[in-house]
Amino acid sequence: MMTRVQTDIARPRLLRTGAALFLLALLCAGCGGQEAPLRIGAVFPLSGPLAGYGHEEYDGAQIAADMVNADGGVAGRPIELDVRDLHDSDSAPARIAELQRDGVPAVLGAYSSALSVPASAAAASRGMVYWEAGAVADRLTGRGLDRVFRVGAAGANLGDNSGHFAARELAPRLGRSPSAIRVGLVVADDDYAHSVADAAAATVQAEGMPLVDTEVYSPYLPRWEPVLAGVRAAHPDILIIATDVPQGVAFRRAMLASGIHVGALIGSTMAQCGPEFGAELGQDAVGVFASDRPGPGFDPSRLAAAGRHVYDRFRARWRARRGGIPTEEGLSGFTAAWALFHHVLPRAGAIGGVDPAHIAAAARSIDLAEGSLPNAAGLRFATTSDRLGQNLRAAAVIWQWQAVRESVVVWPGAYATGRLAMVPLPR
């Protein structure tokens, strides 16, 4: 009898509760029918010495989210970036832990290899997807972590490009066969620079060019005298340097002050191509090459129709948000985020849900031809353990400074915005 009474009393309460929930659902639908936001983590250096670049890459990612949301979101769910300032490597595990507690399935970041390597390891250890927006160290996608992905070029792409460019374009202009071209390397002792230099060395030798010198220096306390002494003794025809912007500027000044001259100087991303290099060196930058990702001088007419349309939308939003044309970091952040938000997340939802396992599975299923993404790349992730999660169709180019503060893409021809000039290097 007691049970029957409790049941009779409970039934109207349940009916009233169900009616209230139904009314609440109708009210929510009447407010626009928008689904709950899909929160994606974002870690970038938004303070400290890398903040300028970090903000550019983050702004590119935010514009990608805004554009996807303007198109209806992911199955009606607007993307919302859950942002953390990550400006030192030691705090990476804590920032990732915070994002996991917030319930995000994936984390986008982090501009610098020094930040991205620990952040990606922390995310992978917690079963989350980590999606790289800009860092290039090979190690990031060289650890066999099946939920770590990078859309942009790795250091190996940039070093490989440098070696091929030296053999196929510079050697003929220096009037010699590749086997007669002496190549030297100057390398900062960090993950990023070694990624570039190791690939450059392998390609240089595969192209039949003698590698006559490798100078490694501490990026924390650069001493150019012994580096330049080694370069002088080896007298290379072509010098490839892997470092960051301030040290790229400092090395070029030290090189000129020492009177050392080479037939061609090729830097790598962040070293010779950034606007600071041209702004600080002025005429001393003219003639220098850089192996890099596509950036401000990129010619969008080379894109496939879909990629061009996306790039044009991005460029307009960038101009409204920051002014001018998109920077290299902005384009890199946007392209990586667009690939995740527009291509991967909808497919993850279609095959099972926007949880880490389905996001990773969706990413591995994507197959886009070159020119499909707004930086001229395609998208197809490596599945072998040594490069797991690396985009095999990432875009990389060679730039050249051809006037004070003016650089153009000179190679490969499909991406060129100008003609190769000033070989040998004027000074």
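Predicted model: local features only at pLDDT ≥ 70, side-chain atom pairs only at ≥ 80, totals over all residues.
Switch to a cartoon and you can trace 12 helices and 12 strands along the protein chain. Among contacts with a separation of 6 or more, residues 24 or more positions apart account for 68%. Several stops below show such links between parts of the chain.

**Stop 1: aromatic pairs**

Show the rings of Phe, Tyr and Trp. The count of aromatic pairs comes to 13. Select tryptophan 131 and phenylalanine 149, whose rings sit 5.4 Å apart centre to centre. The planes of these two rings make an angle of 35 degrees, and the pair is tilted. Tryptophan 131 belongs to strand β4 (residues 129-132) and phenylalanine 149 to strand β5 (residues 148-150), so the pair ties together parts that are 18 residues apart in sequence. Are these two residues buried or exposed? Both tryptophan 131 and phenylalanine 149 are buried.

Next, select tryptophan 224 and phenylalanine 251. Their ring centres are also given as 5.4 Å apart, but with the planes at 65 degrees, so this pair is edge-to-face; the cut-off for that class is over 60 degrees. Tryptophan 224 is in helix α7 (residues 224-234) and phenylalanine 251 in helix α8 (residues 245-258), so the pair ties together parts that are 27 residues apart in sequence. Tryptophan 224 is buried, at a relative accessible area of 12%. Phenylalanine 251 counts as buried too, with 1% relative accessibility.

**Stop 2: salt bridges**

Now bring up the charged side chains. There are 20 salt bridges in the count. Begin with arginine 321 and aspartate 59, where the closest N and O atoms are 3.3 Å apart. How many residues lie between these partners' positions in the chain? They are 262 residues apart, with arginine 321 in helix α10 (residues 305-321) and aspartate 59 in helix α2 (residues 51-70). Check the surface here: arginine 321 is partly exposed at 38% relative accessibility, whereas aspartate 59 is buried at 9%.

Move on to arginine 139 and aspartate 191, a salt bridge with its closest N and O atoms 3.0 Å apart. Arginine 139 sits in the loop between β4 and β5, and aspartate 191 in helix α6 (residues 191-206), which puts the partners 52 residues apart. Arginine 139 counts as partly exposed at 45% relative accessibility, and aspartate 191 counts as partly exposed at 35%.

For the next bridge, select glutamate 207 and arginine 168, with 2.9 Å between the closest N and O atoms. Glutamate 207 is in the loop between α6 and β7 (211-217), while arginine 168 is in helix α5 (residues 155-173), 39 residues apart. Arginine 168 is partly exposed, with a relative accessible area of 47%.

To finish this stop, select Arg39, Glu80, Asp82, Arg84, Arg95, Glu98 and Asp102. Salt bridges that share partners join these residues into one network.

**Stop 3: helix packing**

Return to the cartoon and pick out α5 and α6. Their axes are 7 Å apart and cross at an angle of about 35 degrees, and α5 passes α6 in a right-handed crossing. On the α5 side, select Gly155, Ala156, Leu158, Gly159, Asp160, Gly163 and His164. Facing them in α6 are Ser195, Val196, Ala199, Ala200, Thr203 and Val204. By type, the contact residues divide into 6 nonpolar, 6 polar and 1 charged.

The crossing of α11 past α12 is right-handed. From α11, show Leu340, Val344, Leu345, Arg347, Ala348 and Ile351; from α12, show His358, Ile359, Ala361, Ala362, Ala363 and Ser365. These residues make the contact, and they divide into 9 nonpolar, 2 polar and 1 charged.

Methods. Residues numbered from 1 in each chain as written. Heavy atoms only, no water. Phe/Tyr/Trp six-rings, centres within 6.5 Å; stacked < 30°, edge-to-face > 60°. Helix = DSSP H or I, 4+ residues; strand = E, 2+ residues; numbered from the N terminus. Buried < 20%, exposed > 50% of the residue type's maximum accessible area, 1.4 Å probe, protein only. Salt bridge = Lys/Arg side-chain N within 4 Å of Asp/Glu carboxyl O. Left-handed = near helix turned anticlockwise from the far one by under 90°. Contact = heavy atoms within 4.5 Å. Nonpolar A, V, L, I, M, F, W, Y, C, P; charged D, E, K, R; others polar. Axes fitted to C-alpha atoms, helices over the stretch in contact; angles between N-to-C directions.
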